[in-house]
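Me: Could you walk me through this protein chain, one question at a time? I would like to know how it is put together.

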Amino acid sequence: MEIDKSPGHELKIRGQAEMAQNKVSDEKLDLAKRETCRDCDEQYYDERSQVSDEKLDLAKRENLLAPSLVNMLSSLAFLASILASASAHATFQEMWVNGVDQGNWCVRLPQSNSPVTSVTSPDIACNVNPHPASGVCSVEPGDSVAVEMHQQPNDRSCANEAIGGDHWGPVQVYMAKVDDATTADGASANWFKVSEMGLPSNNPEYWATEVLNDNCGHFTFTVPSIAPGQYLLRAEVIGNVGGAQFYMSCFQLDVGGSGTANPPTVKIPGVYGANDPGILIDIYTSPKAYEIPGPTPFGTVSPTVATTAYPTIATWNTALQPSTVPTTAPPGAASAPANTAAPTSAAPTTSASGGSTPSASSSSAAASSTTAAGTVQKFGQCGGTGYSGATACVAGTTCTSLNPYYSQCL
Ligand SMILES: [Cu+2]
């Protein structure tokens, strides 16, 4: 695994290692980690190797650590959060456009739910050798887009926290204009931020990741009035658990419409420094404010920190949450060209996701949602620009226009 060797991160790591040494024996720590992480062997081994590194680091530096710092960090809550973090990693897996489920059609799914921890690694752009996406999703300026995070692959249950284990921190969305979203390399793309949320309230302390957890993993934003063309979209959570953990997925988009903006851009990696205020932070001090790292979002204003309780009523209607991921193309979507591997993927392409790239002919949205000739099932497409399938909705539903490109039986 990667260890960020920035001074700030080492400070955090030393604190954790001291905790491990002072409060529990190696055996107990090991046992506790196993118990908190029965379902995630890979994470378990990752986290355990991190502890080993931490202890090594500690051995070299224990004389440098002030006793007061050890005491400060030696709270049971802190220990609990370290142990819990192993079972609570997560990935952005799905997307919604104007309330229509795109599934994971256009996401380059990460291979694991473990975080990236180095702000200088190319992996921080689009995760570590992600699987190729099936295709490209269509959006328009003004569309309401939601990205959806969960801890485990294909588990969309609202009963499970999107990202648990006290992974407190901001949620951010970046976009980058590219020539071809199916082949673009995120680490060399030119990114601008379109949405961010950090600490929406400090009384009580309430983080953007808690907004995710209270909304079944969904974070919703509006596509700004940017120039049409192909884009990568990067959704990110920074979970501050004894050192910043970066969780990101890149989605492949085709932006329509007639927007004209080409916002100023940053490079990822490059945009973050390990010592940035929002990255080098002791989240356990209950900060009253939080400086979100990276540039100011384009076209939106970040909310100021409220000093009253954040309304934690979910804005996402969990009754609509599907239990499975659709296997057909969402409306207006394009398939990835055959034989095109994901740009940054050096990994085997025989994985379940990589092997299931559909052919162009299977991307007709109407195909799987039409039961009998001319009858479209509930939630199936029944109209829209470029649509040539059945238009009659099954009894009890009505063909409803959601936008010029998509009508749905509702
Ligand atoms: Cu973690």
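Reply: Happy to; here are some questions and answers on the chain, from confidence to single residues. This is a predicted model, in which local features need pLDDT of at least 70, side-chain atom pairs count only at pLDDT 80 or more, and totals for chains, interfaces and linings use all residues. Residues are numbered from 1 along each chain as its sequence is written.

Me: What is the mean pLDDT of the protein chain?
Reply: pLDDT is the predictor's confidence in each residue, from 0 to 100. Over residues 1–86 it is below 50, and it stays under 50 over residues 344–373 as well. In the protein chain, 64% of the residues reach 70 or more, and the mean pLDDT is 74.

Me: How many helices and strands does the protein chain have?
Reply: Helices (H or I, at least four residues) and strands (E, at least two) are DSSP runs, numbered from the N terminus. By that count, the secondary structure comes to seven helices and 19 strands.

Me: What share of the contacts with a separation of 6 or more comes from residues 24 or more positions apart?
Reply: Two residues are in contact if their C-beta atoms, placed from the backbone, lie within 7 Å. For the protein chain, the share from residues 24 or more positions apart is 75%.

Me: Which residue of β12 is the bridge partner of Ser-138?
Reply: Two strands pair if DSSP finds at least two bridges between them. Strand β4 (residues 135–139) has five of its five residues buried, so it is largely enclosed by the rest of the structure. Three bridges join β4 to β12 in parallel, while two bridges join β4 to strand β13 (residues 334–335) in the antiparallel sense. In β12, the partner of Ser-138 is Asp-254.

Me: Which residue takes a positive phi in the hairpin of β11 and β12?
Reply: Strand β11 (residues 229–240) is mostly covered, with 10 of its 12 residues buried. It is joined to β12 by 12 antiparallel bridges, and Gly-239 has Gln-245 as its bridge partner in β12. Three residues lie between the strands of this hairpin, and the one with a positive phi, near 55 degrees, is Gly-242.

Me: Is Ile-226 buried or exposed?
Reply: Ile-226 lies in the loop between β10 and β11. Not counting residues up to four places away in sequence, it touches Pro-141, Val-255, Gly-259 and Ala-261. Because Ile-226 has 21 C-beta neighbours inside 10 Å, it counts as buried.

Me: Which residue does a cis peptide bond join to Pro-204?
Reply: Most residues other than glycine have a negative phi, and most peptide bonds are trans. Pro-204 lies in the loop between β8 (201–202) and β9 (205–206). Omega of the cis bond is about 0 degrees, and the residue joined to Pro-204 is Asn-203.

Me: Is Ser-286 buried or exposed?
Reply: Ser-286 lies in the loop between β12 and β13. Its phi is near 50 degrees, a positive value in a residue other than glycine. With 9 other C-beta atoms within 10 Å, Ser-286 is exposed.

How values were computed. Buried ≥ 20, exposed ≤ 12 C-beta atoms within 10 Å, placed from the backbone.
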